[in-house]
Amino acid sequence: MDSLTNGLFQIQLLMESGGFVLWIILLASILMWSLIIERYIYVYFQHPKQVKHLIREWQERRDRTSWYAYQIRQGMIAESRIALSRYLMSIKTLTVALPMLGLLGTVNGMIQTFDVMTVFGTGNTRGMAGGISVALITTMGGLLTALSGLYFSTQLSQRVSREVDNVADALRRD
């Protein structure tokens, strides 16, 4: 229990050291990870059920060779692609925005440092260290969350491409 309390205290200190921009980074990363987790749940649990339904619907058709049937097949594949690609652009946008938020924190921390230098000169190293700390912590937070999101968004994009190809293969024209 002591280690949990100590860990929470350390997190609280880190968040306070990072300033308001670190809170924005935290909220953006929570949103990004919620979308990533939702996509994985969809891809691994919901999508296979929908593919079975599409295959059954396609197999029940008597006409699977005409131009009209081909257009219906293309529509089914497109619907599957749209459902699989949902939120991917939002995840990628957050992945790109997080380092920019880290940069915003860096600028904010440097402004704090220069404010201390303006008032006290270079003699107040403790005051300058606070601003530099804000700059470095927010930069680290933005980059770390963006890197983790980048890996998973790329992996999800590749998975979506494979799944769309699988749907296209499953809906064969006879």
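This report describes the helices, the nonpolar core and the aromatic pairs of a predicted model.

Helix 1 contains 59 residues, yet its end C-alpha atoms are only 62 Å apart. A straight helix would reach 87 Å at 1.5 Å a residue. At G19, helix 1 bends by about 120°.

Helix 2 has 19 residues, and the distance from its first C-alpha to its last is 27 Å, close to the 27 Å expected. The buried residues of helix 2 include A69, R73, M76, I77, S80 and L84. These residues lie on the same side of helix 2, because they cover an arc of only 95° around the axis. W67, Y68, E79 and I82 are exposed on the other side of helix 2. Helix 1, helix 3 and helix 4 are among the parts that cover the buried residues of helix 2. Just after helix 2, Y87 has a positive phi of about 70°.

**The nonpolar core**

The largest nonpolar core has 31 residues, and I91 and L98 have the most contacts inside it. At least two residues of this core come from each of helix 1 (2-60), helix 2 (67-85), helix 3 (88-120) and helix 4 (125-170). Helix 1 supplies the largest share, 14 residues. Beyond residues up to four places away in sequence, L98 touches I25, A28, S29, M32, G142, T145 and A146.

N108 is found in helix 3. With a relative accessible area of 18%, N108 falls under the 20% limit and so counts as buried. Leaving aside neighbours within four places in sequence, N108 is in contact with F20, V21 and V134.

**Aromatic pairs**

The whole structure holds four aromatic pairs. One of them joins W33 and F152, with an edge-to-face arrangement. W33 lies in helix 1 and F152 in helix 4, so this pair ties together parts that are 119 residues apart in sequence. The rings of Y151 and F152 also form a pair, which is edge-to-face because the planes are at 85°, over the 60 degrees required. The table gives the values for these pairs.

| Pair | Centre to centre | Angle between planes |
|---|---|---|
| W33 and F152 | 5.1 Å | 70° |
| Y151 and F152 | 4.9 Å | 85° |

W33 is partly exposed at 28% relative accessibility, and F152 is partly exposed at 27%. Y151 is exposed, with a relative accessible area of 55%. One aromatic cluster is formed by W33, Y40, Y44, Y151 and F152.

How values were computed: Residues are numbered from 1 along each chain as its sequence is written. This is a predicted model: local features need pLDDT of at least 70, side-chain atom pairs count only at pLDDT 80 or more; totals for chains, interfaces and linings use all residues. Side-chain values use heavy atoms; hydrogens and water are left out. A nonpolar core is a set of buried Ala, Val, Leu, Ile, Met, Phe, Trp, Tyr and Cys residues joined through side-chain atoms within 4.5 Å. Buried means under 20% relative accessible area, exposed over 50%, partly exposed in between (1.4 Å probe, protein chains only). Helices (H or I, at least four residues) and strands (E, at least two) are DSSP runs, numbered from the N terminus. Contact means heavy atoms within 4.5 Å. The expected span of a helix is 1.5 Å times one less than its number of residues. The arc is that of the directions from the helix axis to the C-beta atoms. The bend at a residue is the angle between axes fitted to the seven residues ending there and the seven starting there. Rings of Phe, Tyr and Trp (its six-membered ring) pair if their centres lie within 6.5 Å; planes under 30 degrees apart count as stacked, over 60 as edge-to-face and the rest as tilted.
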